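Hi everyone, thanks for making time today.

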Amino acid sequence: MVSAKPVLTGFQPADLETLLAEWGEPKFRARQILEWVYRKRCRDFEEMTNLGRPLRERLASHFDLRALALARHQGSADTTRKLLFRLRDGRFVESVVIPANPALYGGRADRRTICVSSQVGCAYDCKFCASGLAGFTRNLTPDEIVGQVLEAESLDAERIDNIVFMGMGEPLANLRNLLSAIQILNAEWGVGIGARHMTISTSGLAPQIERLAEQPLQVRLAISLHGATDEVRDRIMPVNRKYPLARLFDALRHYQEIKKQKVTFEYILIEDVNDALDQASILANRARSLNAKVNLIPYNNVEGLPWKRPSEERQEQFLKLLRAAGVQATLRREKGHDIDAACGQLRLKEERGGLIAEAV
Ligand code: SAH
């Protein structure tokens, strides 16, 4: 059954103030209520003890507090953990929580990161990706995007410090809802996560990158490049036919001019597709032209797809070439992250009926 009630995890103070005024409630109640929702992670209107009972009951009859429910999870609080959520219309999305790991950073405190989905499925049809296999269903609403963070925090009773929009979907194809969610996640009255601790990842939607540049928030931008030439990108990412590299790079230059911020290129290494060493020098030139960082990610094999990750030796050679060309580059080596980029696979199985949801 789909509940028709709006969910409070998508509300900003102004929206609620209007409604409360109609109910004859003072304006400050809006912030009081949202403090329960975003800061105190309240799951039940009865816990809102600074509101009178009649108002709590009225709120409960008009609103829900949760846009999604945890259906399954894999991993534990101290490993990379994958969460599968059921939305109110019965669809599924995934988030991945990557724990703080000071050991990786020479003893300095690391951050707890969540990888959040922005759509159910994806329309962009990247050939190597599991998310697109079942096609596109719909955009997530702001309450569903924000809800993933709140639910993940309450699962481990631990704060999330860092958000990457690298889960299922193309975030820039859902820009309005994404920006609204980011406002809530960032605001003082909201979840309170710094904009610089949020990264939007895109397959390369040039016009939306330009629109993002006009937004005041200093969120970070990552580009799923995966190919340094149009030839390679055309083969694995259909979006490149619409916005080829020249168009994409125009948008990125514009973005950097306005934001004064470095972008990051993600580059999945796929055997015999984009891992030839001549590609590394073309990639290096492209990265240098924007002073961009490069994150190399060994491909995660996906059931039913033919692509494979190259040998470790080839991965290291590719990295070495980028660095020798003066590019700031990293290679993801930790095994614990394997689960991460396989986003989309849990949902696929669930919707095909291959898994029985466990109540958690
Ligand atoms: N649509 C957005 C965000 C979602 S994908 C984008 O394209 O950036 C998040 C990242 O995971 C992208 O860089 C995507 O290319 C990568 N990815 C998808 N499938 C993968 C796989 N099997 N192995 C490694 N990375 C993968």
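A crossing of two helices counts as left-handed if the near helix is turned anticlockwise from the far one by less than a right angle, and as right-handed if clockwise. Keep that in mind for later.

What we have is a predicted model, where local features need pLDDT of at least 70, side-chain atom pairs count only at pLDDT 80 or more, and totals for chains, interfaces and linings use all residues. Residues are numbered from 1 along each chain as its sequence is written, and side-chain values use heavy atoms, with hydrogens and water left out.

How confident is the predictor? On pLDDT, its confidence in each residue from 0 to 100, the chain averages 90, and 89% of the residues score at least 70. Over residues 335–342 the pLDDT falls below 50, yet this stretch has 17 contacts (heavy atoms within 4.5 Å) beyond near neighbours in sequence.

Overall, the chain has 13 helices and twelve strands; these are DSSP runs numbered from the N terminus, with helices being H or I of at least four residues and strands E of at least two. Of the 360 residues, 53% are buried, meaning under 20% relative accessible area with a 1.4 Å probe, protein chains only.

Now the sheet. Ten strands form an open sheet with mixed pairing, in the order S1-S2-S3-S4-S7-S8-S9-S10-S11-S12; two strands pair if DSSP finds at least two bridges between them. Strands S1 (68–74) and S12 (329–331) are at the edges with a single partner strand each, so one side of each has no neighbour in the sheet. Leu-83 has Ser-95 in S3 as its bridge partner.

Helix H11 (residues 312–324) packs on this sheet, touching S10, S11 (293–298) and S12, and its direction makes about 170 degrees with that of S12. For angles, axes are lines fitted to C-alpha atoms, for helices over the stretch in contact, and the values run from 0 to 180 degrees between N-to-C directions.

So which way does H10 pass H11? The crossing is right-handed. The axes of H10 (residues 277–290) and H11 come within 9 Å and cross at roughly 35 degrees. On the H10 side, the residues that meet H11 include Leu-277 and Leu-283, and on the H11 side they include Phe-318 and Leu-321.

Terms used: pLDDT is the predictor's confidence in each residue, from 0 to 100. Buried means under 20% relative accessible area, exposed over 50%, partly exposed in between (1.4 Å probe, protein chains only).
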